[in-house]
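Notebook open, structure loaded. I'm jotting down what I looked up, one spot at a time.

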Amino acid sequence: MEIDSCRFCKSKNINKFMTYGKMPIANAFLLEQDYSSEFFFELAPVYCEDCCLFQLIDQPDPELLFHDEYAFHASTSTVMQKHFKDLSDSVITRFGLKQDQLAVEIGNNDGGMVHYLKEMNYNHLGIDPSKNVADIAASKGVNMLNAFFGREVAQSVLSKEGPAKIFLAANTLAHIPDISSVFQGVDELLSKDGVFITEDPYLINVFEKTSYDQIYDEHVFIFSLTAMNNICTDFDLEVFDVEPLPTAGGSMRYFIGRKGQNEITERKMEFEEKENNLNLKDESVYKKFKQNCETSKSDLVKLLTELKAEGKLIAGYGATSKSTTIFNYCDIDSNLIDYITDTTPTKINKMSPGKHIPIYDYQYFCDNHPDYTYLLAWNHKNEIIKKESDKYNGKWITHTPIIEVHDSF
Ligand code: TMP
Ligand code: ZN
């Protein structure tokens, strides 16, 4: 349902500065027989002129997004595996997590950081609303709760397990429309010296890279430090450090503790100043982003149309959720992209949402190397180049920060 006020501060001053138009559910890969029941909604971002929270004006029912057949399996990426292993090591070294102290991770998908803590015999709990991935994590021995996290779940965990020293949400917070409920839950569950670590795509990176494909149904919010500070103000919480990350195409990790418990780092103050200078309350920032999206769209369509007119075979690499926004916003279908290759079993031999481009497995890509490959999973670029540089001789197309063709990487 369309909102008429900010999801967090309830201000009516929300500014709908652009729309991406009619959009299907980004991860709803489908079979031909299901075309007639495909669900569409309007994908449009707004920003709150008071708390600066960047959010979707409408989000399909979360039950439609995070269900028993959630198509995203985090463990398909080896880079993300290392990312979570490193994080599990750093919560032990930096914050002194002890084996009997509780570490909770929400949205840990089929493993996450708690999987590595489990391997080291640390007290842990993963909480994920999608049953299929939660079951996979449980089958690896991770303590799992299959639920949507909020105040009530927090109270129940607190009464059974005690307070949490570490609370992690990696690529999760942006997915939860009732943001206040999550913060209430964290406020309830976090110990006095506890640390809430949350990381998500970073709004300033989205602007700088014109990576508008981060905007899709699951990302109901794209956070900035300014908005995160404003959210924490309502609770006994404050951001004391931030860490920019290369993951998900440019993310920010926020370290949040009880007010006054941790020293505020220089790095946090630097990012705060940078955002203050940018002025996220000023409409011109958003208008410039809108203009960049429109340029990206026309350049991409022009390039693909020209290449197809020359008879080139063009494939997409990685049937990402992000690519659903690109193809539907730019009106690109199988006339312009012949197929998309992906390694995820639940996506293979299905059609892409909305534009119905076929998804084929990796072997198909190897057997039918295209002339041009559009790197849709651009956030996994290094991993993909490593895999393809010796085998694939065609050209690559990328869209961040601008549409470009590369003879090789
Ligand atoms: P993500 O951007 O949401 O992480 O999704 C990445 C998608 O790309 C996921 O469906 C798996 C796919 N993929 C491949 O097919 N091959 C690869 O080498 C990598 C890294 C990802
Ligand atoms: Zn607001």
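I started with Arg253, whose side chain makes a 2.6 Å polar contact with the side chain of Glu199. For polar contacts I count N or O atoms within 3.5 Å; within protein, one must be able to donate a hydrogen and the other to accept it, and sequence-adjacent residues count only through two side-chain atoms.

Ground rules: this is a predicted model, where local features need pLDDT of at least 70 and side-chain atom pairs 80 or more, while totals for chains, interfaces and linings use all residues. Residues are numbered from 1 along each chain as written, chains are lettered from A and ligands numbered from 1 in written order, and side-chain values use heavy atoms, with hydrogens and water left out.

Back to Arg253: I also found a 3.4 Å polar contact between its side chain and that of His83. Is Arg253 buried or exposed? I get buried, at 6% relative accessible area (buried is under 20%, exposed over 50%, partly exposed in between; 1.4 Å probe, protein chains only).

Next I checked the zinc ion (ligand 2). Which residues hold it? Cys6, Cys9, Cys48 and Cys51 coordinate the zinc ion through their SG atoms at 2.3 Å (donors are N, O and S atoms within 2.8 Å of the metal, or 3.2 Å for Na, K and Ca; water is not among the atoms, so sites may look incomplete). I read the donor spacing as C-x2-C-x38-C-x2-C.
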